Amino acid sequence: MTPVSNRTVRDDFNDLRAVVHYTKAAHRVGLWESERLLIERFFPDKAAHLIEAGCGAGRVSVALAEDGYQRLHAFDFAEELLAQAQSLALERHVTDRVTLFHADATRLEKCHVIRDTLFDGALFLFNGLMQIPLRRNRRRALRQLAAVCRLGAPLLFTTHDREDSATERVLWRLEAARWAKGKQDPILREFGDRYYEEDGVGRTFMHLPIRSEILADLKATGWKHEFDEMRRRISPEPRKVREFSDECRFWVARRA
Ligand SMILES: C[S@@+](CC[C@H](N)C(=O)[O-])C[C@H]1O[C@@H](n2cnc3c(N)ncnc32)[C@H](O)[C@@H]1O
């Protein structure tokens, strides 16, 4: 069995099931309450140059543009999702505020669209960073985002936390025993990875970290940790958000 790669993840996001799922969310769910609160707090300047990685079908950037943010750049490596984001931006009349482009977060240095821009802030929401297989590649993406941001720029992103609930801790102890015996699913790359299929979403790769792992990754890649908290402690979310997404940890770091 071939281990999950960046290409597997991109193909999964270009799959019709994922495209319909994320497009519906971009049209109907919009910004989560927790996202809105943290964006208001850490990104108060609506004229700032912001970059969104893994924008999918445009759920966050289009909502921000409608909310008055004027200088947004948003990218994704899944062409089909990006086409949906472009269509939503057109439909909502915000194409003058959002520049959408195709790029891989681990290869941003090759991207001409943003070559001359130094951003005032970056976003990588709904766990996109954790959908990059291999820790060295996630670190690469963090480094590349740091390289296009000015000193002090905030980065807002989310991850799961495999130590957050008692049930998860038990399940991960069992998974650790499988890894210790070499009996883990051979498609996985690292301990903490999951690759699963859901009705109406398709296949999903996700790395579930622990808190200390992300703190070390930020430190190693040019970011200074500023804030982290589980979503439920930031804001209650309406049912449509809870149905679209499960619990996660929000992170804010500053370009060091
Ligand atoms: C869970 S989806 C979230 C989409 C959107 N941000 C939202 O909240 O609806 C994660 C997104 O990250 C994108 N992504 C994953 N790895 C990426 C990479 N290396 N470069 C660019 N985009 C990536 C996927 O294509 C997908 O659109």
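A residue counts as buried if 20 or more other C-beta atoms lie within 10 Å of its own, exposed if 12 or fewer, and partly exposed in between, with C-beta atoms placed from the backbone. The model is predicted: local features need pLDDT of at least 70, side-chain atom pairs count only at pLDDT 80 or more, and totals for chains, interfaces and linings use all residues. Residues are numbered from 1 along each chain as its sequence is written.

Strand β9 (residues 249-255) is mostly covered, with five of its seven residues buried. Helices (H or I, at least four residues) and strands (E, at least two) are DSSP runs, numbered from the N terminus. Two strands pair if DSSP finds at least two bridges between them. The pairings are tabulated here.

| Strands | Sense | Bridges | Partners |
|---|---|---|---|
| β5 (residues 154-159) and β9 | antiparallel | six | L156 and V252 |
| β8 (residues 223-230) and β9 | antiparallel | seven | M230 and R249 |

Helix α8 (residues 211-220) has I214, D217 and L218 as its buried residues. Seen down the axis of α8, these residues fall within an arc of 100° and so line one face of the helix; the arc is that of the directions from the helix axis to the C-beta atoms. S212 and A220 are exposed on the other side of α8. The buried residues of α8 pack against α6 (135-147), β5, β8 and β9, where contact requires C-beta atoms, placed from the backbone, within 7 Å. Just after α8, G222 adopts a positive phi of about 90°.

Definitions and conventions: Two residues are in contact if their C-beta atoms, placed from the backbone, lie within 7 Å.
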